[in-house]
Amino acid sequence: MFYGCNVSCNQLPTSSNGDWSALIQRFSPHSYSIIYKRKEEGRFLPDFRSRLEVGVSSPKMMKLRVSAVQYHLHTINSFEEFANQVDHYIKTAQEFDADFVLFPEFFTTQLMSIGNEQGQPLTIQELPDFTEQYRSLFIDLAKKTKMHIIGGTHVIRKGDRLYNVAHLFYPDGRVAEQAKLHITPTEVKEWNMSPGDGLQVFETEKGTIAMLTCYDIEFPEIVRMAKARGADVIFCPSCTDDRHGFHRVRYTSHARAIENQVYVVTTGTVGSLPTVDFMRANFGQAAVITPNDIPFPPRGILVEGEINHDMIVTADLDLELLYQVRESGSVTTWRDRRTDLYPDWK
């Protein structure tokens, strides 16, 4: 653990030929033996560098508390009703002292149930009209509570295209976006959604995260890329309408956690929107998923909700445990990649 380490990445040697000993010992005699051993074995030190890059400087910063909302969809009559429901979940997470709160994919489709003056439900083309209200609501809540809020996904319009976009609301008022990269056939055929064109990872005061939405988690390559860029926690908002879809996302979330030795936090919508096409059925459960190794629960689940219940789950993530299992776990899946046989991901 690098207590009080403020050195920047460009101060570090750029190859294993550099002299690490003096630098490492300055910051952590405890970590010196492990990292220097890796130098002698001729391996580069990505975990050490990434931990410096995210500004790890105290034991507190190595831990974070996450809450995941099983958002209950039901018909509403106004944006105010939506805001009140969101506020309820946020206040619940705040009472648990959460650092991060995750909402599900497509939960803002609830706004489509408000309907128009003719009493007809709104269409997916009209959902982006709520974008400014949505952003304003979550910016205000993040600033008031000093929490990081992953505001599920919301459909936005750019030009003549619709995108399904995850939003990260920082406590200081900043907003980061990650468009869904893999679009399901239904999203394309029925809602004419367009895929995002790039992956980002996001630095926070608690560590580096990525936001990969539902179907995205079913593709190993994109999660490899997120891990290679420094992400230790993958937030995966989801929306599935039956057991098949739910278990695809759930099983692959476990696989990605094992392959990359990262945490995956996922949740889904529950309830029903009887007037909104393709949102009538929902099958959801929140879970905080870990690698399967000795420091973690045997099933790789820190906490999970009751299926299809309106609720919120909360768990603590210890990033130091990830670094330990990557270095000396029962298996070291990230380190043992055979990049001589298949591509590495940048």
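Predicted model: local features only at pLDDT ≥ 70, side-chain atom pairs only at ≥ 80, totals over all residues.
Charged side chains were examined next. A search of the whole structure finds 17 salt bridges. Within helix H4, lysine 91 and aspartate 87 lie four residues apart, about one turn of the helix, and their side chains meet in a salt bridge with an N to O distance of 3.0 Å. Both members of this pair are partly exposed, lysine 91 with a relative accessible area of 45% and aspartate 87 at 22%.

Other pairs are placed in buried surroundings. Glutamate 187 forms a salt bridge with lysine 180, the closest N and O atoms being 2.8 Å apart; the relative accessible area is 5% for glutamate 187, which is buried, and 1% for lysine 180, likewise buried. Glu105 is linked with Lys180 and Glu187 in a network of salt bridges. A salt bridge also joins arginine 326 to aspartate 232, with the closest N and O atoms 2.8 Å apart. This pair links distant parts of the chain, since arginine 326 is in helix H9 (residues 319-328) and aspartate 232 is in the loop between H7 and strand E10 (233-237), 94 residues apart. Arginine 326 and aspartate 232 are both buried.

In helix H7 (residues 220-228), the buried residues are Ile222, Val223, Arg224, Met225, Ala226 and Lys227, and just after H7 glycine 230 takes a positive phi of about 110°.

With regard to cysteines, the count of disulfides comes to zero. Cysteine 214 is in no disulfide, the nearest cysteine sulfur being that of cysteine 236, 6.2 Å away, and cysteine 214 is buried, with a relative accessible area of 6%. For cysteine 239, the closest cysteine sulfur is in cysteine 214 at 6.9 Å, which is too far for a bond; cysteine 239 is also buried, with a relative accessible area of 17%.

Methods: Residues numbered from 1 in each chain as written. Heavy atoms only, no water. Disulfide = S-S within 2.5 Å. Buried < 20%, exposed > 50% of the residue type's maximum accessible area, 1.4 Å probe, protein only. Helix = DSSP H or I, 4+ residues; strand = E, 2+ residues; numbered from the N terminus. Salt bridge = Lys/Arg side-chain N within 4 Å of Asp/Glu carboxyl O.
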